Amino acid sequence: MTTEDVNSVSGTSGVLRGRRKDRRVSNLVALTSIAVAGIVLALLPIWIGDSRSHMSVAISGLLFVCYAIAFNLIFGSTGQLFLAVGALAGVGAYASAIISDRLGVPFPLAMMLATGLSMLIGGGFSWIAVRRSLDIIFTGIVTLVFSLAFDNILLGQRDLTGGETGLVVEAGSDTFLRQQIPPYYVFLGLVLIYLVGYVLLHSSHIGWAFRALRDDRMAAELTGIDVSRYRIYAGVIGGGMLGLAGALWAHVEGFISPATFTFIHVDVPVLLMVVFGGLGMLMGPVIGSAFFTYMGEVLAAFSHLRLIGEGTMLIVLFLLLPKGILGALRSGASGLRRRRQTSKR
Amino acid sequence: MTAAILDGIVLGLQFGILGVGLTIMYGLGGVLNLAYGSMAVVAAVVVSFSMRSGLPAGLAVLLGILTAAGIGLALNLTILKPVYRRQGEARVLLSLILTIGVAFIIDGFLVWRFPIEVLSLSIGGNPVLILGVPMRTGSLLASAITLLTGGALIFFFRATVTGRAVRSVIQDEVGAQLCGVNPATTRTLIFTLSGALVGLVVVMQSMTSPVPISAGFEITILALIVTVVGGLGSIRGAMLAGLILGVVHAMSSFYIGSYITTIILLAAAAFTILLRPSGLFGKHA
């Protein structure tokens, strides 16, 4: 008896019950893997905590995990190619810095306002893309155009942003955010919140809709899923995640400049990380960012070859490993399982 | 005012050719080549080096253009092969990502090996008065070449069998195949042509203002803007959009300032996508 036969005999309710159990199991697996990653990352300062430069590399690694989770949600879950990851984070960073330093607003409040602004812009992209029914390429071009324009505005509005030289962020300078180790844990907390949020989102009805519209948009629409609404959800949530991470970074680092948020320095590496780890997979961003941050350190002596390396990785990954490390492992494992089952039979 | 408009037309012709080079690749191969500007910079470096080693300017320029054409050809025959196995959206997306990779490799290599290289062709001679405006010989020569190239392109696409074959593939790949046109051969031809065009544009740009080694990404974005405004895949649209944007560029950098100009160009692309996604002469509504 094959599995299909079992399903047809036990009927749909059996299948559904089985699915629900599957979901619970996979949630458990997801939360366990988050916990494991959290523990490993929480122990990291034991080894490198006494080196200021290593800690700042680790913190920027966590920042990129945040970026990558947001991108994974927007692109991996709902297929919207946002090439404005750096720009949305930059909006959060600059808005929070300017609101707190210029207007004298306390910086936690400024961060919230900045996050709101990024949510608005991220949601706006999705809304526009949905309303004008832009395909993946046009969404990519519109968001790319936004990031280039944002970069130009940062460079041009010298009085407000400090132009090319950057902006010193005063707010937060007398708090624990400027110490050596505490900001690491703040960022780690943010990463864990994002990961748990990702799991919760995907096990709710929103997640069902995400999967449906990723697999087949037309079919999803025909079964009554409001595709546009869920895309806008992803845009708003993802935009907020990026803005918050950027704003936090501004107050931790105490200095921001346009180069920190450009397409070339943020979007392309984030795309690499997410695809390396596995697009649309929970731990993909963590694995990808960890790998690239570590490699960046190991190969620091060859940093002049960084662009060449990234370009090569981009090509190799998309041609040979389009599902990423996790995807390859998973399909390898399921292939093995299938082979074992057939040999048993 | 007249000066700005004349400058704009000179610039606009170059923008137009730049856009045509990118748009034919998209229309024909379904490929969005983001390594486009980097190919141009390679050409500029080749020209610059061969002139320094004593080659006459004409020969050096020819060599540079051939190099860019060669890169286009090589891309088409190697890295884009897997791209052609996909269809529609997946094809464009993969091509976009792979060519970003190529652009990174080329730019990374150039910035590493020749960090301060600049191509600047200076054409001697006194300024010539046109409509009461003194024009530099360099920009006159550049516009003459651009006009000739534009004319040759129009002739090629309108009146030659090969050019018509190319347009037929853009319109309908299967239909063209049924009429005995080989899309793969046409693609190879067009990619080579596209490389040659961008090589030519960069040489002409260097006659009016120096081209730095890091210009690749900017050239790509400029070409992308022109292509989007003209409508992806439309040759006529790219030419017209180039002219319009060139005049807009010259006027606004004359009266407003260069950083706002970049934003105006970007906004033009964004609004085109939002208001009329098919561009000036796009096929689809």
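**Aromatic pairs and the interface of chains A and B**

Phe217(B) is partly exposed, with a relative accessible area of 26% (buried is under 20%, exposed over 50%, partly exposed in between; 1.4 Å probe, protein chains only). The model is predicted: local features need pLDDT of at least 70, side-chain atom pairs count only at pLDDT 80 or more, and totals for chains, interfaces and linings use all residues. Residues are numbered from 1 along each chain as its sequence is written, and side-chain values use heavy atoms, without hydrogens and water.

Phe263(A) is buried, at 7% relative accessible area. The rings of Phe263(A) and Phe217(B) are stacked, because their centres lie 5.9 Å apart and their planes meet at 10° (rings of Phe, Tyr and Trp, the last by its six-membered ring, pair with centres within 6.5 Å; planes under 30 degrees apart are stacked, over 60 edge-to-face, the rest tilted). This pair crosses between chains, from helix 11 of chain A to helix 10 (residues 216–230) of chain B (helices are DSSP runs of H or I, at least four residues, numbered from the N terminus).

Contact (heavy atoms within 4.5 Å) joins 34 residues of chain A to 33 residues of chain B. The buried area is about 3,200 Å², and carbon and sulfur atoms give 86% of that area (accessible area, 1.4 Å probe, lost on putting two parts together, summed over both). Ile137(A), Phe138(A) and Ile315(A) supply 17% of the area that chain A buries against chain B, more than any other three residues. Salt bridges number 0 across the interface (a side-chain nitrogen of Lys or Arg within 4 Å of a carboxyl oxygen of Asp or Glu).

Definitions and conventions
Chains are lettered from A and ligands numbered from 1 in the order in which they are written. Helices (H or I, at least four residues) and strands (E, at least two) are DSSP runs, numbered from the N terminus.
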